[in-house]
Amino acid sequence: MPRSSSRTRVSQVALELFEADGYDAVTVQQIAEAAGVTERTVYRSYGSKLEILLSEVEDRTADFVHTLYRQPLDVGVVDALLDTIAATWPSPEVVAEDRRRAAIMLAAPTLMGEWMAFERRLVDDLADWIAHRTRRSSDDMAVEVFSTCLVSARSIAIRRWLADPDSRVDPLDRVAEALHALRSHPLAAIRSAGDDELDH
């Protein structure tokens, strides 16, 4: 769904202010004034300052999880995950904006809890998906540990990518490299046997 011009403007201005002054120091009123709109307009587009920063990431994460469930069941977990990442990987312009968003989050102490909460939700989503594919419970210790490892591998790749802004290594390759390190995990090779794919 295309963003309105005012919503796009608010998002762009907010990122610029967050980068210049730090997320914690910027108010919604300052964002509105810099974007040339009212605070009411900002809140009509975004429910909070945090939503300005993360709404698109949350939307794309939902699409990512939906795409996971459409992967063939005869493909191993790591390969299915890599195929999903590749299929949902955004344009270079969006990746550049994601770099800015991630750097802003990691630089703001008050947002570390949000970063951890996002990763926790992703662990839960992956645990549900892996349980679906392996016919295990999402509460299974091995499933939760493996899901946490997958998310941690992604996080390590992102942090290394952010730490080396001049690198020509594609961030997708960074994530793939990190996930390949988990191929030896017992759950990585399990494939679902026989059943049709379930809708999600």
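Q: Does F18 count as buried or exposed, and at what relative accessibility?

A: This model is predicted. Burial is judged by relative accessible area, and under 20% counts as buried. F18 is at 3% relative accessibility, so F18 counts as buried.

Q: How many aromatic pairs does the structure hold, and which residues form a pair?

A: Two rings are paired if their centres lie within 6.5 Å. The structure holds 1 aromatic pair. F18 and Y23 form that pair, with 4.9 Å from centre to centre and 55° between the planes, and the pair is tilted. Y23 counts as buried because its relative accessibility is 9%.

Q: How many helices and strands does the protein chain have?

A: The protein chain has 9 helices and 0 strands. Along the sequence the pattern reads α-α-α-α-α-α-α-α-α. Along the principal axes, the C-alpha atoms fill a box of roughly 60 × 35 × 30 Å.

Q: What share of the residues in the protein chain is buried, and what share of contacts joins residues 24 or more positions apart?

A: Of the 200 residues in the protein chain, 46% are buried. For contacts, one looks at separation along the sequence. Among contacts with a separation of 6 or more, 71% are between residues 24 or more positions apart.

Q: Where is L126, and which residues is L126 in contact with?

A: L126 lies in helix α7. Its relative accessibility is 4%, so L126 counts as buried. Apart from neighbours within four places in sequence, L126 is in contact with L68, L81, S147, L150 and V151. Distance in sequence and distance in space can be set side by side: L126 and E114 are 12 residues apart in sequence and 18 Å apart in space, C-alpha to C-alpha.

Q: What does the side chain of E97 join in a polar contact?

A: A general point about helices comes before the case. An α-helix has 3.6 residues a turn, so residues three or four places apart point the same way. E97 is in helix α6, and its side chain joins that of R101 in a polar contact of 2.7 Å. With a relative accessible area of 18%, E97 falls under the 20% cut-off and is therefore buried. Not counting residues up to four places away in sequence, E97 touches L15 and E56.

Q: What does the side chain of T88 reach, and at what distance?

A: A side chain can also reach a backbone atom. T88, in helix α5, has a side chain that reaches the backbone oxygen of T84 at 2.8 Å. Leaving aside neighbours within four places in sequence, T88 is in contact with D63, F64 and T67.

How values were computed:
Residues are numbered from 1 along each chain as its sequence is written. This is a predicted model: local features need pLDDT of at least 70, side-chain atom pairs count only at pLDDT 80 or more; totals for chains, interfaces and linings use all residues. Side-chain values use heavy atoms; hydrogens and water are left out. Helices (H or I, at least four residues) and strands (E, at least two) are DSSP runs, numbered from the N terminus. Buried means under 20% relative accessible area, exposed over 50%, partly exposed in between (1.4 Å probe, protein chains only). A polar contact is a pair of N or O atoms within 3.5 Å; within protein, one must be able to donate a hydrogen and the other to accept it, and residues adjacent in sequence count only if both atoms are side-chain atoms. Contact means heavy atoms within 4.5 Å. Rings of Phe, Tyr and Trp (its six-membered ring) pair if their centres lie within 6.5 Å; planes under 30 degrees apart count as stacked, over 60 as edge-to-face and the rest as tilted.
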